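Open the model in your viewer and keep the selection panel at hand. This tour goes from one selection to the next and says what to look for at each stop.

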Amino acid sequence: MKLLIVILAIVTCLQLANSCCCSIGLFNCGCNFFNCNCDTSNGYCMFKDDRETQWTHYRVRCVSTQGRRVEEVCAAKRRKRSVDTRLMEDYKEKYGHLIGLPELNLFYTFDTDKDGFINIREARASLNVTLDAFNEVDTDRDGFIQPAEFDSSLD
């Protein structure tokens, strides 16, 4: 039993280390169109660095924000925040275990009808999203983006 608990704890930590919602505008690496499921390094968001150097000859590479002028720690690594009471009321039945996570708060802003899912209409209303881009995030192809598809830290 103790071994099972340890394994579950390790898997949870690995999921948190590999998923992240980063701020828009940093030219993040590996993000979906919501700017979630981004690549991270030691909990810091990765961004595309396309500066020309004598070594890279203008090659784009992904680098960590750690130690940069603007460091961005992955939201999954931050502490839970105070909860919007409307979010609590709308999501307590379906996603009570996720309430307080910054990624769920972001998901909630895109879920305009507050049914717990993001459909193509909601995604297009907020972002200029193609059906192909939507389908890349909607991994089970049911026509709705669920929190775990939005960002894997919400699994």
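This is a predicted model: local features need pLDDT of at least 70, side-chain atom pairs count only at pLDDT 80 or more; totals for chains, interfaces and linings use all residues.

Residues are numbered from 1 along each chain as its sequence is written, and side-chain values use heavy atoms, with hydrogens and water left out.

**Stop 1: colour by confidence**

Start with pLDDT, the predictor's confidence in each residue, from 0 to 100. The protein chain averages 77, and 73% of the residues score at least 70. Among the elements of the chain, α1 has the lowest mean pLDDT (36), and strand β5 (residues 144–145) has the highest (97). Now select residues 1–17, where the pLDDT is below 50; beyond near neighbours in sequence, this stretch has 7 contacts in the model. A contact here means heavy atoms within 4.5 Å. Helices (H or I, at least four residues) and strands (E, at least two) are DSSP runs, numbered from the N terminus.

**Stop 2: show the cysteines**

A disulfide is a pair of cysteine sulfur atoms within 2.5 Å, and by this rule the model has 4 disulfides. Let's visit some of them.

Select C21 and C36, joined with 2.0 Å from S to S. The torsion about their S-S bond is about 105°, so this disulfide is right-handed. Both C21 and C36 lie in the loop between α1 (2–18) and β1 (40–41), so the link ties together parts that are 15 residues apart in sequence. C21 counts as buried at 7% relative accessibility, and C36 counts as buried at 0%.

Next, pick C22 and C45, another disulfide with an S to S distance of 2.0 Å. This link is left-handed, with -100° about the S-S bond. C22 lies in the loop between α1 and β1 and C45 in strand β2 (residues 44–49), so they connect parts 23 residues apart in sequence. Are these two cysteines buried or exposed? C22 is buried, and so is C45.

Then move to C29 and C62, whose sulfur atoms are 2.0 Å apart. Their link is left-handed, at -105° about the S-S bond. C29 lies in the loop between α1 and β1, and C62 in strand β3 (residues 61–64), so the pair ties together parts 33 residues apart in sequence. C29 is buried, with a relative accessible area of 1%, whereas C62 is partly exposed at 39%.

**Stop 3: show the aromatic rings**

Rings of Phe, Tyr and Trp (its six-membered ring) pair if their centres lie within 6.5 Å; planes under 30 degrees apart count as stacked, over 60 as edge-to-face and the rest as tilted. The count comes to 9 aromatic pairs. F34 and F110 make an edge-to-face pair, 4.7 Å centre to centre with 65° between the planes. F34 is in the loop between α1 and β1 and F110 in helix α3 (residues 102–110), 76 residues apart. Both F34 and F110 are buried.

**Stop 4: finish with charges**

A salt bridge is a side-chain nitrogen of Lys or Arg within 4 Å of a carboxyl oxygen of Asp or Glu. The whole structure has 1 salt bridge, between the side chains of D113 and R121 (3.9 Å, N to O).

Key
Buried means under 20% relative accessible area, exposed over 50%, partly exposed in between (1.4 Å probe, protein chains only).
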